[in-house]
Amino acid sequence: MVIDLDIYTLVGFVGMACIIGAYGYLTWKDEPNPYVLHGTNLAGAALLTVSLLVHTNWPSLVLEGFWAAIALWGLAKALKARGTKA
């Protein structure tokens with residue numbers, strides 16, 4: 001089996017690294033920064049989406065849509081909590 005390492009595949013690998021890194025960060029930190037956590041997840045989902053738009057895998061593409069939506073929800077929740085603390 002040969003892996004086609006075009007730019008879109010490489011972008012997808014960077015997105016995968018972002019999502020894995022965010023999960024590792026969540027597990028490692030007792031009180032993770034929600035902006036780092038959700039921002040990294042959103043970046044990973046966006047990069048994987050770019051890759052999946054070229055190398056289409058529909059279940060993975062739908063998963064990334066949900067992943068991005070949850071990350072946006074997390075960022076909105078963090079911004080709302082930040083506003084109430086001020």
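Helices are taken here as DSSP runs of H or I with at least four residues, and strands as runs of E with at least two, numbered from the N terminus. On that basis, this predicted model reads α-α-α along the sequence, with three helices and zero strands. The C-alpha atoms of the chain fill a box of roughly 55 × 25 × 20 Å along the principal axes. Of its 86 residues, 26% count as buried. Among contacts between residues at least 6 apart in sequence, 65% join residues at least 24 apart.

Helix 1 covers residues 7-28, and its 22 residues should span 32 Å at 1.5 Å a residue; the end C-alpha atoms lie 31 Å apart, in agreement with that expectation. The buried residues of helix 1 are T9, G12, G15, C18, I19, A22 and Y25. An α-helix has 3.6 residues a turn, so residues three or four places apart point the same way. The cover over the buried residues of helix 1 includes helix 2 (34-54) and helix 3 (58-85).

Helix 3 can be examined in the same manner. Its 28 residues should span 40 Å at 1.5 Å a residue, and the separation of 41 Å between its end C-alpha atoms agrees. Buried in helix 3 are L61, E64, A68, A71, G74, L75 and A78, and what covers them includes helix 1 and helix 2.

The packing of helix 2 against helix 3 comes next. Two packed helices are described by the angle between their axes and the distance between the axes. Here the axes of helix 2 and helix 3 come within 8 Å and cross at roughly 155 degrees. Angles over 145 degrees count as roughly antiparallel, and therefore helix 2 is roughly antiparallel to helix 3. The crossing of helix 2 past helix 3 is left-handed. From helix 2, the residues in contact include Y35, H38, L42, A45, L48 and L52; those they meet in helix 3 include L61, E64, W67, A71, L75 and R82. By class, this contact has 15 nonpolar, six polar and two charged residues.

Leaving aside neighbours within four places in sequence, W67 is in contact with I19, N41 and A45. The C-alpha atom of W67 is separated by 9.0 Å from that of G44, 23 residues away along the chain.

How values were computed:
Residues numbered from 1 in each chain as written. Predicted model: local features only at pLDDT ≥ 70, side-chain atom pairs only at ≥ 80, totals over all residues. Heavy atoms only, no water. Expected span 1.5 Å × (residues − 1). Buried < 20%, exposed > 50% of the residue type's maximum accessible area, 1.4 Å probe, protein only. Contact = heavy atoms within 4.5 Å. Axes fitted to C-alpha atoms, helices over the stretch in contact; angles between N-to-C directions. Parallel < 35°, antiparallel > 145°, perpendicular 65-115°, else oblique. Left-handed = near helix turned anticlockwise from the far one by under 90°. Nonpolar A, V, L, I, M, F, W, Y, C, P; charged D, E, K, R; others polar.
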